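Let's take a friendly walk through a protein model and look at how its parts meet. Have the picture at hand as you read.

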There are 2 protein chains.
Amino acid sequence: MDQQYKYLLDEKDLPRQWYNINPDMPVSPGPVLHPVTKEPVSPEFLMKLFPEEFVKQAVSMERYIDIPEPIREIYKLWRPTPLYRARRLEKALDTPAHIYYKYEGTSPVGSHKLNTAVAQAYYGKLEGLKGFTTETGAGQWGTALSFSCGLFDLECIVYMVKVSYEQKPYRRSVMQTYGGDVTPSPSTTTKSGRAALERDPNTTGSLGMAISEAVEVAVESGGEYKYSLGSVLGPVLMHQTVIGLEALKQFEMAGEYPDIAIGCVGGGSNFSGFAFPFLYNNFTAGKSTRLIAVEPTACPTLTRGLYAFDYGDTAKMAPIVKMHTLGHNFVPPGIHAGGLRYHGMAPHLCALYDHGDIEAVALHQLDTFKSAVLFAQSEGIIAAPESSHAICAAVNEALACKEEGTEKVIAFNLSGHGHLDLAAYDAYLGDELRNYEYPDELIKESLKSLPEVKL
Amino acid sequence: MDQQYKYLLDEKDLPRQWYNINPDMPVSPGPVLHPVTKEPVSPEFLMKLFPEEFVKQAVSMERYIDIPEPIREIYKLWRPTPLYRARRLEKALDTPAHIYYKYEGTSPVGSHKLNTAVAQAYYGKLEGLKGFTTETGAGQWGTALSFSCGLFDLECIVYMVKVSYEQKPYRRSVMQTYGGDVTPSPSTTTKSGRAALERDPNTTGSLGMAISEAVEVAVESGGEYKYSLGSVLGPVLMHQTVIGLEALKQFEMAGEYPDIAIGCVGGGSNFSGFAFPFLYNNFTAGKSTRLIAVEPTACPTLTRGLYAFDYGDTAKMAPIVKMHTLGHNFVPPGIHAGGLRYHGMAPHLCALYDHGDIEAVALHQLDTFKSAVLFAQSEGIIAAPESSHAICAAVNEALACKEEGTEKVIAFNLSGHGHLDLAAYDAYLGDELRNYEYPDELIKESLKSLPEVKL
């Protein structure tokens, strides 16, 4: 009999609703506080910055929220994404485990980021915005938002950290090809940018500075532009649940159900989007899938951070939320999984982790690349360094199955391809990478910067 | 009713046979001549260079040749590939035409090249080879063969033109990630390489030199290694027919049939693989699909070349075949569609073009990039510069339909993605590219180098 490698869904099986975890949260993810007053912010305050529908979703207690048809029509450019059985990887590992991966790299922009970018652009268009502002570091998020804005005839103003702008011209080219307006940050186009340049004319920029510029342009536009964020917030996690909802149907086709579901975490959106539908079944359908969030040892937010209130950004301009944090001043080293270098984590995910509903593990950079190369040689796909963390965790679990002689079903989310990350593979193959592990004192020191919050 | 964007086939619909056009050729593609004696070569001669099964396929008159199961099992890593209806492109062009594209960029190596690389590696493994040698310019072919050899535990020795090796380190990284052994050419590992370095120690290399090195290593290995070629030859075109055979089934799903089928041509393999199954229906089933091969004006082999016997390579080491040629000394300018910079063309394709069974058109570089950017903004996919020639021809036909008010069905083969070609997009957006058009005298001069052949 023919062995099956891919489980594909028809376009008619594309989910018609996102799964909103709000009503099912066993514990509260905590309030959102104003960065200056440190008081809970109102939805009206957030609506100045984000589209109204986006803010409504953030506070909605409806379990399922309809995906508007214009968004579904765009999703159809690449969704439903395939679920693969990694038969050649299983063979290479000689494991009795069944390994599956959901591949979000088939998105035209190369990652899961497009799932929420399309939704945010649509909601912005609905309320007559002229465009969105955003920041981008490595460029994945700016790429997704540039393409999405273009589809709705919206401008996309991207502030790109200057050092990335100069060192990663191809990421900039992709955004510009999609019609994005990319400015190296800090720039002379904003007050905060000019101030940063005055302090240090030779600064190479930072994500904090880029956020400040993007937020400033949105706030000062008198409502013409709003600001868009690619992870962390509840609605972003919700938009990503199309991943897990599709996967549930695909596992039905495969006649299996995952014992373990794995995803990498930076801000937490791809993991949440993949895992939350399985978590719902854990809560309500008697399932007990282990959900494992994978982070780098170089930025061990969940595994070594403190669960406390902290600023969302280094510049203390973003709201304060309750999350596992390494401190907003924490500067992770320049590991190649740039998307996982965030000092905090999505508040929903942190609440679930603190409550014991999900697990977390931190992995070393060299191990993740070793797994990624094995994966490329067996399955063909060159994975993004971020996604390689998920691969590595899956490999470790599969090897544990081999050790124990158990035939577990292991699923992971392959959040994106690494076609624009080949410098990372080059450095790994050239033996130029190292691992990072911190002494407790360093993290303790960084955590001294937490704001004092009275609730 | 929901509009459909993608037509997907199950793995069970993956073709079980390739279509071999040999028995249906209305005219002979001509004999293969020895580059020195200029006499027709025997299959035995070719078997010293290529796998036996490959050579047998070259002379086979069976219309359908079984795809061995181990090859089909590997094809399933990414095949069947999707057929897309380009609804957003149609809307952007405001055309009544229905535009479809078959997307080969979903292959893990990013292009159609893998369809034949897997087959050649399998046949090499069958006869106990230790590995393959090959040359690569831009790197697409070397990537496909590196991955394929790895799957069969074969060594893959790639001679990469030195200037590409140095300027495109990421292509090298991909090959190395897949386990390929990549050497900049000319090298000191071969006699021909050392001779080239003696003539000019600072040479940046050429495809001709790289071919010489790869062939030398194969020939001198006493049968341990054979040489692999990624286009031009009959069996290569045949391995690519999985593309067109799948497309036929997908058009049945769509309830349409192409009036026009388009592909770009360098050596001719992706166009042939897409077009030949439609051509068979033209020959036998009363269909009359126009088949259009698209080449760059910078290398106008079919549209301006002579149909004559010429060497396959600049170094006069490859066999002499009958083809449309610009002369083996013709050096096209460094356009970004590197895969289309070949002075000749697959003999089968040339015979069919000469006989009037297919059409050809040459397009300017700037027009192809303009279409590629429109395509990226509407369909999302960043196409390879080579494939952008097919996009541009499809756009031109769709605009003609708009002019005439006709609702034609236009299909093209999108042979690969451009994620590793972003320097090209960057140059286009930065207004750094130009068009190329040659005076007749230049081509006449180049054609003086043709060998004298008496048959």
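## A predicted model

Keep in mind as you read that this is a predicted model.

## Where chain A and chain B touch

Start with the contact between the two chains. Chain A contributes 48 residues to this contact, and chain B contributes 48 residues as well. Putting the chains together buries about 4,000 Å² between them, and carbon and sulfur atoms give 53% of that area.

In one salt bridge, Glu11(B) pairs with Lys6(A), with 3.2 Å between the closest N and O atoms. On the side of chain B that touches chain A, the elements that give two or more residues are α3, α6, α8, α16 and α18 of chain B. The largest share comes from α8(B), with seven residues. Sorted by class, this side of chain B holds 24 nonpolar, eleven polar and 13 charged residues.

## How the two copies are related

What rotation superposes chain B on chain A? The rotation is 180°, with 0.0 Å of shift along its axis, and the RMSD is 0.0 Å. The two copies are thus related as by a two-fold rotation axis. If you want to find that axis in the picture, look for His419(B): of the residues of chain B, its C-alpha comes closest to the axis, at 3.1 Å.

## Two domains inside chain A

Now look within chain A. Its domain assignment gives domain 1 as 6-14 + 78-110 + 235-447 and domain 2 as 46-67 + 113-231. The C-alpha centres of these two domains of chain A lie 24 Å apart.

In chain A, 23 residues of domain 1 are in contact with 29 residues of domain 2. About 2,200 Å² is buried between these domains of chain A, with 66% given by carbon and sulfur atoms. One salt bridge is found across this interface, and six residue pairs between the domains are in polar contact, both residues being at pLDDT 80 or more. On the side of domain 1 that touches domain 2 in chain A, α11(A) gives the most, with four residues. By class, that side of domain 1 of chain A has twelve nonpolar, seven polar and four charged residues.

Conventions:
Residues numbered from 1 in each chain as written. Chains lettered and ligands numbered in written order. Predicted model: local features only at pLDDT ≥ 70, side-chain atom pairs only at ≥ 80, totals over all residues. Heavy atoms only, no water. Contact = heavy atoms within 4.5 Å. Buried area = accessible area lost by both parts, 1.4 Å probe. Salt bridge = Lys/Arg side-chain N within 4 Å of Asp/Glu carboxyl O. Nonpolar A, V, L, I, M, F, W, Y, C, P; charged D, E, K, R; others polar. Least-squares fit on C-alpha atoms with pLDDT ≥ 70 in both. Domains from an automatic or database assignment. Polar contact = N/O pair within 3.5 Å; in protein donor to acceptor, adjacent residues only side chain to side chain.
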